[in-house]
Amino acid sequence: MDGQRLADALAYEQERRRRLANVVPVPASGQPEVAPTPSLRSNLENLSSGLGQAGVNFLEGTKALITDPIGTARGAYEGVREMVRDPSLIAEALRYSADKAMSGPLGFGEVAGELINPIRIKGPIKRDIFIGEGAETWRSEAAKRAVELEAEGVDPETIWRETGTFRGPEGKLRQEISDVDARLDFDVVPEPKDAHKWADEWLKEHGFIWKEGIDVFSPSIPEEAKKAALEYGKSMAGKSVEAIPLQRAFSHAEFAEAYPDLYSNLTIAREPSTMARGRFQDNLVTTGGGGVFFGGKEPKPELSTLLHELQHAIQQREGFARGGNPDLAQRLVAEDYAQKYQPLAKALAARKSASMAAGEAYRADYAHKLRRLQTGTNIRPNQLRNNSDWYQYSREVADELGNRGLGYRMPTKKGPERDRWINEAARVMQTFIERDRPEMRGAAQKLSEREAKNQVRRADTVFRKTQPEAIEEAKLRERLSKFEALTPIDLYQRLGGEAESRMVQSRMDMPLGVRRQTFPTYDVPREEIIIRK
């Protein structure tokens with residue numbers, strides 16, 4: 001056994017210490033199934049599979065060394081360091097290899113293949129389910145240390161590397177359990193019945209099928225019964241499944257130890273829908289369906305999907321952010337916006353009212369300014385020209401004054417003639433302003449100059465006091481606009497439970513030594529995750 005393989009085995013054994021021993025699938029009867037007598041052919045097939053798996057692990061390990069040399073080296077270092085701290089792990093690691101080799105041709109083939117390979121870089125294939133504080137195997141001391149590090153301002157990735165604990169998007173702590181020994185015997189899960197099989201069931205119940213060889217299309221079936229049976233079959237297909245106890249088809253020692261009641265009470269069935277790979281509802285998990293959005297790229301898609309759905313079961317148990325469907329995601333986005341807007345509503349209403357008051361005051365103040373230009377003397381040209389409306393209306397004003405005989409251009413010489421030109425220019429400009437902006441009509445009569453200035457000051461005070469709420473509301477609107485630009489499927493993928501369950505699948509093949517060095521990351525922006533409680 002080379003040093004790297006020993007280091008991986010040591011790290012693996014450390015995780016297995018508290019694992020439930022000898023968990024085996026149990027059939028619905030509650031009695032252990034009798035293992036079939038192995039044949040020479042089956043033994044050779046299992047031995048070949050074990051050697052092949054060892055070769056795959058070796059090739060993937062080489063890939064890991066090339067693509068992530070630092071992470072792989074860290075993994076090896078962590079394993080050796082644990083061996084130095086606790087030499088008894090050497091015996092456990094050797095026992096693990098021996099037990100695996102003695103377990104049968106498959107295990108012997110894997111161990112033999114590992115010894116044949118010149119180097120062993122990648123550790124056992126790693127799948128990870130995230131558990132919470134309600135798990136029987138929750139490491140409370142590690143969680144306590146994680147909280148202490150958070151309080152000290154340590155970043156989440158460092159906390160993860162030190163404690164194996166991280167905080168999810170809804171604020172709850174999580175840890176991982178190993179799925180390396182998870183096994184799914186998908187063949188024992190009953191096939192879902194199609195419409196024709198359900199039709200045959202209906203005909204049997206009603207006495208139209210009384211022996212083998214007769215089905216819904218047999219000539220002996222009356223047309224009315226055939227029609228009724230096919231309608232029943234169509235209504236049942238894809239809606240009803242034949243479930244068996246989860247533990248009859250699935251063995252997962254660490255899941256069973258962490259959540260023994262879930263492991264005992266959950267049932268499993270084949271997913272009848274061609275639009276979904278699996279689902280979790282009540283105490284039922286399904287897998288093995290279609291899935292137009294996933295493509296089935298995993299080497300063991302049924303097991304991968306099952307782990308995804310089991311994560312949903314844990315989410316429900318622990319109060320983690322949960323999954324759902326596209327319609328639910330859209331509704332949650334709207335509800336989340338309304339809920340977060342509510343505490344801001346009073347301040348924002350006051351801000352809106354102040355804005356309206358300020359607008360009225362600004363219009364009144366402006367109207368008084370125009371009046372002074374219409375009646376004043378010794379007026380400087382810039383008092384008119386520095387007005388923003390002058391640049392919009394100056395040509396029209398000049399044309400109107402020219403038609404009145406006052407000249408198209410402002411007199412350059414200071415005196416009564418220029419004052420008169422500016423007085424009339426301001427009066428004509430006000431006419432054009434009120435023509436285009438009706439709200440300016442009568443503005444000077446609503447508030448005096450003093451009242452207008454006081455009203456502006458009061459509005460400014462309200463603006464300053466409600467600025468934090470305005471900033472928060474702007475953030476909410478920006479977040480809402482991002483969600484509104486997404487498709488329903490994109491929204492669905494941002495549900496916290498769905499993102500987390502996909503993360504479980506994405507970490508399936510992560511080397512054991514690299515796992516602690518790799519912080520769990522979601523495949524959607526964390527700030528866009530939709531929380532369903």
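Asparagine 378 lies in the loop between helix 15 (345-375) and helix 16 (382-385), where helices are DSSP runs of H or I with at least four residues, strands are runs of E with at least two, and both are numbered from the N terminus. The model is a predicted one, in which local features need pLDDT of at least 70 and side-chain atom pairs count only at pLDDT 80 or more, while totals for chains, interfaces and linings use all residues. Residues are numbered from 1 along each chain as its sequence is written, and side-chain values use heavy atoms, with hydrogens and water left out.

Most residues other than glycine have a negative phi. Asparagine 378, however, has a positive phi near 50°, and this residue is exposed, with a relative accessible area of 54% (exposed means over 50% relative accessible area, buried under 20%, and partly exposed in between, with a 1.4 Å probe and protein chains only).

A polar atom of the aspartate 419 side chain lies 3.2 Å from the backbone nitrogen of isoleucine 379. Aspartate 419 is buried yet has no salt bridge, and the nearest side chain of opposite charge, that of arginine 418, is 5.3 Å away; a salt bridge would need a side-chain nitrogen of Lys or Arg within 4 Å of a carboxyl oxygen of Asp or Glu, and for charge Lys and Arg count as positive, Asp and Glu as negative, with His and the chain ends not counted.

Aspartate 282 is placed in the loop between strand 8 (279-281) and strand 9 (284-287), and is exposed, with a relative accessible area of 61%. Strand 8 and strand 9 pair in the antiparallel sense over three bridges (two strands pair if DSSP finds at least two bridges between them), and phenylalanine 280 has valine 285 in strand 9 as its bridge partner.

These strands belong to an open sheet of four strands in the order 5-7-9-8, with mixed pairing. Strand 5 (244-245) and strand 8 stand at the edges with a single partner strand each, so one side of each is left without a neighbour in the sheet.

Definitions and conventions:
A polar contact is a pair of N or O atoms within 3.5 Å; within protein, one must be able to donate a hydrogen and the other to accept it, and residues adjacent in sequence count only if both atoms are side-chain atoms.
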